[in-house]
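Morning, everyone. I have one structure to walk through today. Have a look at it first, then we'll go through the ligand site and the sheets.

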Amino acid sequence: MTDKSEFDSDLLKTAASQLDAVAARLGLEANIHERLRYPRRALVVSIPVQMDDGHTEVFIGYRVHHNTALGPTKGGVRYHLEVNLGEITALAMLMSWKCAIVGLPYGGAKGGVRCDPSRMSTRELEHMTRRYTTEIMLVIGPDLDIPAPDLGTNEQTMAWMMDTYSMTQGRTVPGVVTGKPILVGGSAGRREATGRGIVYVLYQAVHSLGEELRGKKVVVQGFGNVGGVAARMLWRDGAVVQGVSDFKGGVWNGQGLDIRALEEHVKEAGSVVGFPGADAMSNQDILEQPCDILLPAATGSQIREDNAGRIQARIVIEGANGPTTPEADKILRDRGVLVIPDVLANAGGVVVSYFEWVQGLQFFFWQESEITSRLQEIMARAFTRVWNASKKENVDLRTAALMEGVRRVADAHQIRGLYP
Ligand code: NAD
């Protein structure tokens, strides 16, 4: 079942080489470096599902725990055709660093099922989710490993997972997953968390540069959960959001777009394209316009070797996971562009997931104002730590962030010692 292609993942190669570079800088002990290169445990399961036409299809699913030195593991579940063990392992490793960078008591995990959810009925998805949950029951639990939504999964998926787990325990266990609907234990402010976290980080970043956010010219790629929330907040706070794009194309207004009106347009038209009071512009051109801040919040590998030289933003803040390829990252760095990396910038989602987990364990739910103020404090503190480390070590923010994350996990190993 796990042939060579299972491990064939560019993401895993990149994650391992990033770890190797950081380990060398930190002077990590060889044995700890080696332990961090591999997952703590990885489970591969087969998931038979009776499809609507009566035949039984067997899907392959995964759950990988990268590290447990700081606490139980946390990470999303993705439903996608390209899911394999290598990719899931890499994503679990990146979650370890992300959680450590923002100071959460979690190790990293990731899970997934190789499938095309867009071609499956709700009934098929529910059956697959329930059987997947049952198969990975061995390794999940509120004090063991806490899944969350990712590509191809959503609040409904988490509700099914929570229900399946709870049925086997004979009681409701809200702390087993996060990203649930609010009615069954989800947290206020979870949907907005990643976009808000990005803006809190931006505040801190421009402040560190001795500037302010008001009046800054901003371009946002992707107008979904992350890009849409961030664009709305930046607009409300006086930034000039000149360009926004989605998968259908982009719109541009040099004087600034009215984001509330744009949201209304998207509700009607299903896309930013055709928004009155703005010029049409291709997705690619939008990325390359002169601006102060570029927020790629759509998909991976949008800034590559072939277009990085034409990016004219002073600051790139990564809302999406992996929007900048390693080659492009070097080009931007050499050109003096400040890149605020995904592991730091988009960590607001996992921070509020952590709040949801805490609320679920205590059956005590917080007001949204409490959630946003705690989120702001955590994001600002994490940025400042990474910023100061980058100055002290004379490295870019991505290296500094990874150094922070890896060092915390390595220190936890050192303090806990080696069992037995
Ligand atoms: P979403 O599906 O709500 O929105 C994605 C947006 O990007 C949509 O507007 C879509 O039209 C647009 N888009 C897709 N392909 C595009 C392309 N090639 N060019 C321009 N626009 C394109 O997704 P989301 O939840 O906002 O997530 C966006 C990114 O942020 C993803 O990479 C995701 O992994 C990452 N992320 C999300 C969260 C979260 O909490 N939602 C947390 C961390 C990271």
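Which helix and which strand each supply at least two residues of the shell around the ligand? They are helix 7, residues 225–236, and strand 7, residues 240–246. Helices here are DSSP runs of H or I of at least four residues, strands are runs of E of at least two, and both are numbered from the N terminus.

Some ground rules. This is a predicted model, where local features need pLDDT of at least 70, side-chain atom pairs count only at pLDDT 80 or more, and totals for chains, interfaces and linings use all residues. Residues are numbered from 1 along each chain as its sequence is written, and side-chain values use heavy atoms, with hydrogens and water left out.

Back to the ligand. It is surrounded by 19 residues, and the closest are T194, N225, V226, F247 and N283. To be near, a residue needs a heavy atom within 4 Å. By class, the shell has 11 polar, six nonpolar and two charged residues. Nonpolar means Ala, Val, Leu, Ile, Met, Phe, Trp, Tyr, Cys and Pro; charged means Asp, Glu, Lys and Arg; the others, Gly among them, count as polar.

Now some atom pairs. A polar side-chain atom of N283 lies 2.7 Å from a ligand nitrogen. A backbone N or O atom of G224 is 3.3 Å from a ligand oxygen. For G319, a polar backbone atom is 3.5 Å from an oxygen of the ligand. Taken alone, the ligand exposes 830 Å², and the protein buries 71% of that. Those areas come from the Shrake-Rupley method with a 1.4 Å probe.

Seven strands, in the order 9-8-7-6-10-11-12, with mixed pairing. Two strands pair if DSSP finds at least two bridges between them. The edges are strand 9 (279–281) and strand 12 (338–340), each pairing on one side only. Inside the sheet, strand 6 (217–221) and strand 10 (291–296) run parallel, joined by four bridges. V219 has L294 in strand 10 as its bridge partner.

Last stop, strand 2, residues 56–65. Is it mostly covered or mostly open? Mostly covered: seven of its 10 residues are buried, meaning under 20% relative accessible area with a 1.4 Å probe, protein chains only. Strand 2 pairs antiparallel with strand 1 (41–50) over 10 bridges.

How values were computed
Polar contact = N/O pair within 3.5 Å; in protein donor to acceptor, adjacent residues only side chain to side chain. Buried < 20%, exposed > 50% of the residue type's maximum accessible area, 1.4 Å probe, protein only.
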